[in-house]
Amino acid sequence: MKLVRDTRLLAWRRSLQLLRNPVWLFVSLTVPLLYLALFTPLLKDVPVAPGVGGNVLDEFLPGILALLAFTSGANAGFSTLFELQAGVIERFRVTPASRLALLLGPLVSGMASMFIFDLVLLVVGVLFGFHVHVPGLLVLAVLLALFYLTMAAFSTAVALLTKEITGFAAIVNGINLPLMLLAGVLLPISLGPGWMGVLAHFNPLYYLVTAARTLALDTFSDGALWQAFAVLTPLCVVSLAWATRVYRRAVA
Amino acid sequence: MTNVIEARELRKRFKARGATVEAVRGVSFTVPQGEIFGFLGPNGAGKTTTLRMLTTLLTIDEGEARVAGLDVASAAAKVRQQIGYVSQLGGADNLATGRENLMLQGRLYGRERADVAARVEELLDLLDLASFAERQVKTYSGGQKRRLDVALGIVHEPQVLFLDEPTTGLDPQNRANLWQHVRTLRDRGVTVFLTTHYLEEADALCDRVTIIDDGTIVAEGSPRELKRDIVGDAVVLRVGDEDGTRARVETLLADAPFVRSTTQAEDGELHCYVDDGPAALPELLRRFDAAQITLRAISLSEPTLDDVFLAKTGRSLRDREAGAAA
C-alpha cells in the first residue's frame, strides 16, 4: 500500500539522519536520566502513593516515561521547522507521495527512538529497584505511542503554520509547563488542593500519567486506564487529521 | 507542437497583517513542448507565486492552469507525477549522500529500487555528479549542490521541469555550466520553465521570455524579438556641452522620422532607439554633417533586455538588482 510504503521510506530517511548526527541522542537521554538521578532521591521520604509499598521508582518512573512521550512529541516540530526552511518539505510536497506519509514518516522514526529511550530508562530503573510487570508495560507502550503521535502531529502542524522558530517556540513552551505541572508527573496531583485536580482533568497528559502509574503496577481494572484510552484515542485521530490537512494545504 | 503549460488569467491574493496583497493579477501564457521558457522580473514581481501555483504548491484563487494537459487544481496528484520542481532552496538532505537523496526521491515517485538505481546512474553521468555521489551533501560546493538539485527534479523523467531562480548565488563559471546542462535537458525534449531576475540569464538561456512586473505580464517573446520590436537598435551618442550643441542634437534627433525615442543615460550619453541601426547610422551622420554638429562619439549598440524592461515599466531592472544587493 502506498501509504505504508511512503511512510517506511520517509521514516528510514529520518532515522538515517538521526544516526548520522548522534549528538542529539545523548542530549535527548540526558533530561530523563537527570530526573531519575537528581529527583528520585528527593522522594525517598515523601508519602507519594498512600497504600502502595515498594520502591519509589514504581511511582515515579512511569511518570518519566509519560514525560518523555510528551516532550519528544512536543519537540517534533523543531525538525519540521528546520526542514521547512531548508526546502526539504517543499521538495517532498511536489512529489506524489502520500500527504499522510509525509507527516507519519518522521513521526514513526521519532516514536522508534522514543521507545529506545524508554528501554534505556527501564534498564536504569531496574538497576535501582523498579519492578517490571511486562503485560502492564506493553499496554503502556500503546498509550505512550498514542500520546506521542498526538503531540508530535500537533507540534508538526504548529511548525508548518508558524513557519519560524520564535512563534513556534512560544506556543510549544507556552503549553509545556502548565501541562507538565498539571499532570502530576513529578508528584501526584492528589497532594494538591481540589481545584488542581479539577483542572488536571482537562489535561490529556494527566490521563496518561495516571494510567501509566496503574499499569506499572500491572493493574488493569483501574478506571484510569479506560479513561486514558477514551481521551487519548480520539485526540490522536483529531491531531493526525488536522496535521495532514495542514500538510495538504498551502505552506507558503 | 503541443502546449505543455497553459495559464489563463491566473490570480493570487495574500492576506498580510489585515491588508490584502494581489501578488499575481491575471497572468496568461502558454509554453510549447521542448522550450526553455523564462519568467523575468524583479524580486516581488510574482514570478515565484506563479510558479508555485503551477506546481500545485499554492492554490489558484482565480483563473485556470493546465500542465501536461492536466488541470492543476483538480488533478494535482497527476500533475505532480509529470513535473519536476527545483526550489530556490533546493532542499536536498544535507546528511545523506547525493546517491541516497536521488534514490529516495525516485522511490517517492513510486518506482522500484532497481529501476531507480539505473536512472540514478544515468543522472550521475548526465549532470557530472559521479565523482562525489557517495559524499554527504553538506560537503558539496554551491555548483555541485545545484546540479544535484536539478537531478532530484528530473529523477522521474518529468515532461516539465520548473526551476526557481536556478543560478542565484552561483559564480559565473558554475552559472554557465548549469545553463549548458539545462540546454541539454531541453534538447532531450524536457520543457523548462524558469524564473530569473538576471537579464543575462534570460537572454542567453531562454528560448522565450515573459517579463513580469507587479503581478502582470508586460512583454513576451524571444529575447531577440523583444529587443528588436520593443526597443529596436540603440545608437549611442556622446556630445559636448559647448555652444548649445546638446540642445541642437536633441532637436535634430526629435525631427528625424526614423528615431523612435531618445533617452539620456546617467553618464550623459544619449540613447537613441531606431528600427534599423545599420541604415539609421549613416543617415544620422549625414544630418549631423549638414547641420555642422561635431560629435565626440557615436556607436551602434545592441539593446539589452534591460532596455525592454525600461521601455515597458519606466524603471531599470539593473538599478533594482544593485539596490537589492546593497
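Colleague: What makes α8(B) and α11(B) a packed pair, and at what angle do they lie?

Modeller: In this predicted model, helix α8 (residues 223-231) of chain B packs with helix α11 (residues 305-313) of chain B at an angle of about 45°, and their axes are 9 Å apart.

Colleague: Why are α8(B) and α11(B) called oblique to each other?

Modeller: Roughly parallel needs an angle under 35 degrees, and roughly perpendicular needs 65 to 115. The angle here is about 45°, and α8(B) and α11(B) are therefore oblique. Their crossing is left-handed.

Colleague: Which residues of α8(B) and α11(B) meet?

Modeller: From α8(B) come B:Pro223, B:Leu226, B:Lys227, B:Ile230 and B:Val231. They meet B:Leu305, B:Asp307, B:Val308, B:Ala311 and B:Lys312 in α11(B). By class, this contact has 7 nonpolar, no polar and 3 charged residues.

Colleague: Turning to chain A, why are α6(A) and α7(A) oblique to each other?

Modeller: Helix α6 (residues 99-127) and helix α7 (residues 134-162) of chain A pack at about 135°, with axes 10 Å apart. Roughly antiparallel needs an angle over 145, and roughly perpendicular ends at 115. The pair is therefore oblique. The crossing of α6(A) and α7(A) is right-handed.

Colleague: Which residues make the contact of α6(A) with α7(A)?

Modeller: On α6(A) they are A:Leu103, A:Leu107, A:Gly110, A:Met111 and A:Met114. On α7(A) they are A:Ala145, A:Tyr148, A:Leu149, A:Ala152, A:Ala153 and A:Thr156. The classes are 9 nonpolar, 2 polar and no charged residues.

Colleague: What makes α3(A) roughly antiparallel to α6(A)?

Modeller: The axes of helix α3 (residues 56-74) of chain A and α6(A) cross at roughly 160° and come within 10 Å. The cut-off for roughly antiparallel is over 145, so α3(A) is roughly antiparallel to α6(A). This crossing is right-handed.

Colleague: Which residues of α3(A) and α6(A) make that contact?

Modeller: α3(A) gives A:Leu57, A:Leu61, A:Ile64, A:Leu65, A:Leu68, A:Ala69 and A:Ser72. α6(A) gives A:Gly110, A:Met114, A:Phe117, A:Asp118, A:Leu121 and A:Gly125. They divide into 9 nonpolar, 3 polar and 1 charged.

Colleague: How do you know that the span of α7(A) agrees with its number of residues?

Modeller: At 1.5 Å a residue, the 29 residues of α7(A) should span 42 Å, and the end C-alpha atoms are 41 Å apart, so the two agree. α6(A) also has 29 residues; from its first C-alpha to its last it reaches 43 Å, close to the expected 42 Å.

Colleague: Where does α6(A) have a kink?

Modeller: The kink, of about 25°, lies at A:Gly105, shortly before the proline A:Pro106.

Colleague: What follows α6(A) and α7(A) in terms of phi?

Modeller: Just after α6(A), A:Gly129 takes a positive phi of about 105°. α7(A) is followed by A:Lys163, whose phi is also positive, near 65°.

Colleague: How many residues does each chain give to the contact of chain A with chain B?

Modeller: Chain A gives 20 residues and chain B gives 23. On the side of chain A, the elements with two or more residues are α1 (2-20) and α5 (88-93). The largest share, 6 residues, comes from α1(A). By class, that side has 10 nonpolar, 4 polar and 6 charged residues.

Terms used: Residues numbered from 1 in each chain as written. Chains lettered and ligands numbered in written order. Predicted model: local features only at pLDDT ≥ 70, side-chain atom pairs only at ≥ 80, totals over all residues. Contact = placed C-beta atoms within 7 Å. Helix = DSSP H or I, 4+ residues; strand = E, 2+ residues; numbered from the N terminus. Nonpolar A, V, L, I, M, F, W, Y, C, P; charged D, E, K, R; others polar. Axes fitted to C-alpha atoms, helices over the stretch in contact; angles between N-to-C directions. Left-handed = near helix turned anticlockwise from the far one by under 90°. Expected span 1.5 Å × (residues − 1). Bend = angle between axes of the 7 residues up to and from the residue.
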